[in-house]
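The following note sets out a few points on the model for the record. Please read it alongside the coordinates.

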Amino acid sequence: MTKKEIKKLVNEAIQAKRFSQAKYSNFKVGAALLTKSGEVYSGCNVESSSYSLTICAERVALVKALSEGEVEFEALAISAKRGEFCPPCGACRQLLYDYAPNLDIILSDGSTEKIYKLHELLPVAFSNELLEK
Ligand code: THU
């Protein structure tokens, strides 16, 4: 991805954060998932009064894309608090890995980016390969 494409995806994640439903934690997160065909699916965290039902921004973006028939993914940008990088939680890492182990994960602190491969963030992962043996 070019620097310009990265900045564009990060900007979509920042915009998605505007819709965050985070009245319990006050921690707003936005995510933007780029498909191989160039479409972008955004997501924000959606919290519940029954706290454990909360869904992270990353999983919202992924489920939106999958449910529209997208199956090939390139990169996911994540934005939360200005000045802080927000790495995806363990549950999101697993679900993302199930669909895109090679995904580029772009963390933004509002001005700079850190980029990782998802498989670096979830080494020795459980995956469907084991189920198929
Ligand atoms: N959250 C995300 O949306 N993504 C992450 O990667 C970490 C956590 C949300 C869940 C909850 O609404 C709030 O941030 C605090 O945990």
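1. Leu-66 lies in helix 2, which spans residues 57-66; helices (H or I, at least four residues) and strands (E, at least two) are DSSP runs, numbered from the N terminus. The model is predicted: local features need pLDDT of at least 70, side-chain atom pairs count only at pLDDT 80 or more, and totals for chains, interfaces and linings use all residues. Residues are numbered from 1 along each chain as its sequence is written, and side-chain values use heavy atoms, leaving out hydrogens and water.

2. With a relative accessible area of 24%, Leu-66 is partly exposed, that is, between buried (under 20%) and exposed (over 50%), using a 1.4 Å probe and protein chains only. Leaving aside residues up to four places away in sequence, Leu-66 touches Phe-73 and Tyr-99; contact means heavy atoms within 4.5 Å. Gln-15 is 51 residues from Leu-66 along the chain, and their C-alpha atoms are 21 Å apart.

3. The protein chain has 5 helices and 5 strands, in the order α-β-β-α-β-α-β-β-α-α from the N terminus.

4. The radius of gyration of the protein chain is 14 Å, which agrees with the value near 14 Å for a compact globule of 133 residues; this radius is taken over C-alpha atoms, and the globule rule is 2.2 Å times the number of residues to the power 0.38.

5. Of the 133 residues in the protein chain, 40% are buried. Among contacts with a separation of 6 or more, 59% are between residues 24 or more positions apart.
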